[in-house]
Amino acid sequence: MNFPFPSPTRRFAMVATLSAALLGACASMASTPAMVADGVLTGPNGMTLYTFDKDMAGSGKSVCNGPCATNWPPLMAADTDKSSGDYSIVTRDDGKKQWAMKGKPLYYWVKDSKPGDKTGDGFNKVWQVAKP
């Protein structure tokens with residue numbers, strides 16, 4: 001059975017179009033550190049994100065460091081990431097960068113084991129699922 005292959009020019013155009021689409025998708029992912037699933041924010045790994053009531057919105061920092069950050073890992077930002085819309089970047093005590101939503105730093109909960117888990121919601125009455 002013979003399968004027709006596109007001409008080299010057509011193949012090049014197809015690859016160029018696909019490459020542009022993939023690069024555009026990657027660029028949009030970089031500018032949006034979180035997604036919405038089931039009404040809550042999730043990280044790129046699909047895991048639920050949380051906010052900490054003791055973090056002051058707009059302060060530019062996180063108060064969850066050391067052992068707190070072991071249990072509540074921050075949603076880290078790369079040094080090259082830039083704030084966009086409701087998403088901003090705060091600097092942690094160790095100098096690393098963390099994403100924030102509407103000024104509130106975002107965290108994962110170490111005891112969530114799969115996407116969709118929200119076991120940290122309401123923990124110690126100071127941790128809440130992050131909502132858009």
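Buried residues account for 31% of the 132 residues in the protein chain. The model is predicted. Two helices and eight strands make up its secondary structure. Along the sequence, these elements follow the pattern α-β-β-β-α-β-β-β-β-β. The accessible surface of the chain is about 8200 Å². Carbon and sulfur atoms contribute 61% of that surface. Contacts were also sorted by separation along the chain. Among those between residues at least 6 apart in sequence, 60% join residues at least 24 apart.

The largest nonpolar core has 12 residues. Among them are the aromatic residues Tyr-87, Trp-99 and Tyr-108. Leu-41, Leu-49, Leu-75 and Leu-106 also belong to this core, as do Met-47 and Met-101. Ala-34, Ala-77 and Ala-130 complete the set.

The structure holds eight aromatic pairs. One of them joins Tyr-107 and Trp-127 in an edge-to-face arrangement. The ring centres of Tyr-107 and Trp-127 lie 5.1 Å apart, with 85° between the planes. Tyr-107 sits in the loop between strand S7 (104-105) and strand S8 (127-129), whereas Trp-127 is in strand S8. The pair therefore ties together parts that are 20 residues apart in sequence. Tyr-107 is buried, because its relative accessible area is 0%. Trp-127 also counts as buried, at 3% relative accessibility.

Trp-109 and Phe-123 form another aromatic pair, which is tilted. Here the centre-to-centre distance is 4.9 Å and the angle between the planes is 40°. Both Trp-109 and Phe-123 lie in the loop between S7 and S8, 14 residues apart. Their exposure was compared with the burial cut-off. Trp-109 has a relative accessible area of 6%, so Trp-109 is buried. Phe-123, at 32% relative accessibility, counts as partly exposed. Ring pairs link Trp-109 and Phe-123 into a cluster that also includes Tyr-107 and Trp-127. Tyr-50, Phe-52 and Trp-72 are the other members of the cluster.

The torsion about the S-S bond of Cys-64 and Cys-68 is about -105°, so the disulfide is left-handed. Cys-68, at 23% relative accessibility, counts as partly exposed.

One lysine was also examined. Lys-82 lies in the loop between strand S4 (76-77) and strand S5 (87-91). With a relative accessible area of 61%, Lys-82 is exposed. Residues up to four places away in sequence were set aside, and Lys-82 then touches Ile-89 and Trp-99. Lys-82 and Trp-99 are 17 residues apart along the chain. Their C-alpha atoms are separated by 9.6 Å. Trp-99 is itself one of the residues of the largest nonpolar core. The exposed Lys-82 thus touches a member of that core.

Key:
Residues numbered from 1 in each chain as written. Predicted model: local features only at pLDDT ≥ 70, side-chain atom pairs only at ≥ 80, totals over all residues. Heavy atoms only, no water. Helix = DSSP H or I, 4+ residues; strand = E, 2+ residues; numbered from the N terminus. Buried < 20%, exposed > 50% of the residue type's maximum accessible area, 1.4 Å probe, protein only. Contact = heavy atoms within 4.5 Å. Areas by Shrake-Rupley, 256 points an atom, 1.4 Å probe, with all protein chains shown as cover. Disulfide = S-S within 2.5 Å. Core = buried A, V, L, I, M, F, W, Y, C linked by side-chain atoms within 4.5 Å. Phe/Tyr/Trp six-rings, centres within 6.5 Å; stacked < 30°, edge-to-face > 60°.
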